[in-house]
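Here is a short briefing on one protein chain.

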Amino acid sequence: MLRRCLLAIALTGSLMLAPSMTPDAEAAPKKPAKATKVRAKTTTSTLTIRWKRPKRATKVSVCVKTAPRKKKCVRYTRTRKTSVTFRKLRPNSGTDFYYQVRSHRGKRTAVTKWRKANLRVGKGPANVAAIRPSASLLYTWRKATNASSYQLQVSPSRSFRGGVRTENRRAPSAKVTGLNGGMAYFARVRGVNGAAKGPWGPVSRIKLVTAPARASIATYNLCGENKCRTSESGTWFLTNVPKWAVRKPLAGALIRSAQPDIIAAQEAATSTAFHTVLPGFSRSSYKAARSIYYKPSRFTVLDGGWMTLDDRNKRFATWNLFRDRSTGTAFYVANAHLEPYKGAKLDAMRNKQTLRLIRRIQAMNAHNLPVVWAGDWNSNDSNANQSAYPGGFDAPKRRFAAIDVVNSVEQTPNLVNAELNSANAGIKTPRASGDHVDAIYVPRRGVTVESWLMPANFLDTDEGRMYATPFPSDHNPIVARLLIATG
């Protein structure tokens, strides 16, 4: 610098100052930095804005608008502090407010981008529900402070962790349809103001009333894939109960004649393909030859699966939760096939298998919905014949009685062929001791048995009524016509 000054003197004969050393440059203020760490906190009526003090700024101004393009600030202040609070604010449609922080030093400024702020929403309103008989609920609630809309959640779980329905509404009411009759529902509401969401209000619980729903339910051991035909079977049995390919259309025609809505089938493995002779039916659950078929035109499947009853002996059960399409009433159907043959030791095994079935269905049945228990139980009153089977007992009947569940055949005077054994054993002469290893159990309360039927193909002969041959299976189906959710 000194050399340049000396050179200027030599050339001009006078001293010239460098541009950076002019008096005006020394006097001009430096531009302030932008405010940083800007953040806002709201209540239902206040807006507090904070920031870190900008370098080189002597003051800071804050402008609040309802939209960035608005000409005027709805609130404005100029301060030396690092925060400001605006009070007595009211929400606006959409985003409530936009704010901007400007740093000042003399005439020079630095400004932040516009930021959004929404006033907080008041406490979530309590909701009130009016029960409707058509599987729907109408919810209404009081308005929440600053809420421009509302969010309603409905779930069969108190913790709102499963089956949650979320409804967004501007008005403080919402109708929720497609619910399941007999189930309890939990609901909560919160207010919404733009991006701001208020806290959830208290949780309400309402059990939906049920409308009686008719369902005709069958249980049928098919001897599918020829499980009942063995090397030890007599020639007469193999003739009367031929291979499945012959029996399949006969079994389909027989069960269709009883017009069931739901069929719990045992010994109905995948290759049995019983659904191919059941027009209008679909399979809803399957495990180890335990299949449940149903009419989608009548019912919606809400849930389903299978469970192990005895791992060592490979005993399983399938189940489904159905919803009647016309009434909304929901109910369970369980399908079991227990240990075969008589004797106290085997009765004890069936006792454990039945107990496990009951406990597992009850564990998932949080809403205490009606359960229809269908299957081949391989047990009846003859198991308790002490002269033939010392120490024996009818295990399923005893276990079900403990939870007030009874055999459907005992619940109606409208009986057809109830005197016959459900296991025909391929013998032409009908056995008429009334022993049913196949049965449909129902709760004593909540289900009305309108009729009970054991369909079979008969011939009138000189010796009396005989089974027609060939047999569709070595078991006869049982069909119970039920009125569900009547109590």
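Asp347 is found in helix α5, residues 344–364. Helices here are DSSP runs of H or I with at least four residues, strands are runs of E with at least two, and both are numbered from the N terminus. This is a predicted model: local features need pLDDT of at least 70, side-chain atom pairs count only at pLDDT 80 or more, and totals for chains, interfaces and linings use all residues. Residues are numbered from 1 along each chain as its sequence is written, and side-chain values use heavy atoms, with hydrogens and water left out.

- Is Asp347 buried or exposed? Asp347 counts as buried because its relative accessibility is 0%. Buried means under 20% relative accessible area, exposed means over 50%, and partly exposed lies in between (1.4 Å probe, protein chains only).
- A polar atom of the Asp347 side chain lies 2.9 Å from the backbone nitrogen of Phe393.
- Asp347 is in contact with Asn383, Gly392, Phe393 and Ala395, leaving aside neighbours within four places in sequence. Contact means heavy atoms within 4.5 Å.

**Glu167 in strand β12**

- Glu167 sits in strand β12, residues 165–169.
- Glu167 is buried because its relative accessible area is 15%.
- The side chains of Glu167 and Arg169 are joined by a polar contact of 3.2 Å. A polar contact is a pair of N or O atoms within 3.5 Å; within protein, one must be able to donate a hydrogen and the other to accept it, and residues adjacent in sequence count only if both atoms are side-chain atoms.
- Not counting residues up to four places away in sequence, Glu167 touches Tyr150, Gln151, Leu152 and Val176.

**Backbone geometry in loops**

- Which peptide bond is cis? The bond from Thr469 to Pro470 is cis, with omega near 0°. Pro470 lies in the loop between β30 (464–467) and β31 (478–484).
- Glu267 is not a glycine, yet has a positive phi of about 50°. Its place is in the loop between β18 (262–266) and β19 (282–287).
- Ala273 is also found in the loop between β18 and β19. Phi of Ala273 is near 50°, a positive value in a residue other than glycine. Ala273 counts as buried because its relative accessibility is 17%.

**Pro249 in helix α4**

- Pro249 is found in helix α4, residues 244–257.
- Pro249 is partly exposed because its relative accessible area is 45%.
- Pro249 and Val277 are 28 residues apart along the chain, and their C-alpha atoms are separated by 6.5 Å.

**The chain as a whole**

- The chain has six helices and 31 strands.
- Its radius of gyration is 40 Å, whereas a compact globule of 487 residues would have one near 23 Å. The radius is taken over C-alpha atoms, and the globule rule is 2.2 Å times the number of residues to the power 0.38.
- The C-alpha trace spans about 150 × 55 × 45 Å along its principal axes.
- Of the 487 residues, 49% count as buried.
- Among contacts between residues at least 6 apart in sequence, 65% join residues at least 24 apart.
- The accessible surface comes to about 24700 Å², and 50% of this belongs to carbon and sulfur atoms.
- The mean positions of the 82 positive and 27 negative charges are 33 Å apart. Lys and Arg count as positive and Asp and Glu as negative, while His and the chain ends are not counted.

Methods. Accessible areas come from the Shrake-Rupley method with a 1.4 Å probe; for residues, only the protein chains shown count as cover. The place of a charge is taken as NZ of Lys, CZ of Arg, CG of Asp or CD of Glu.
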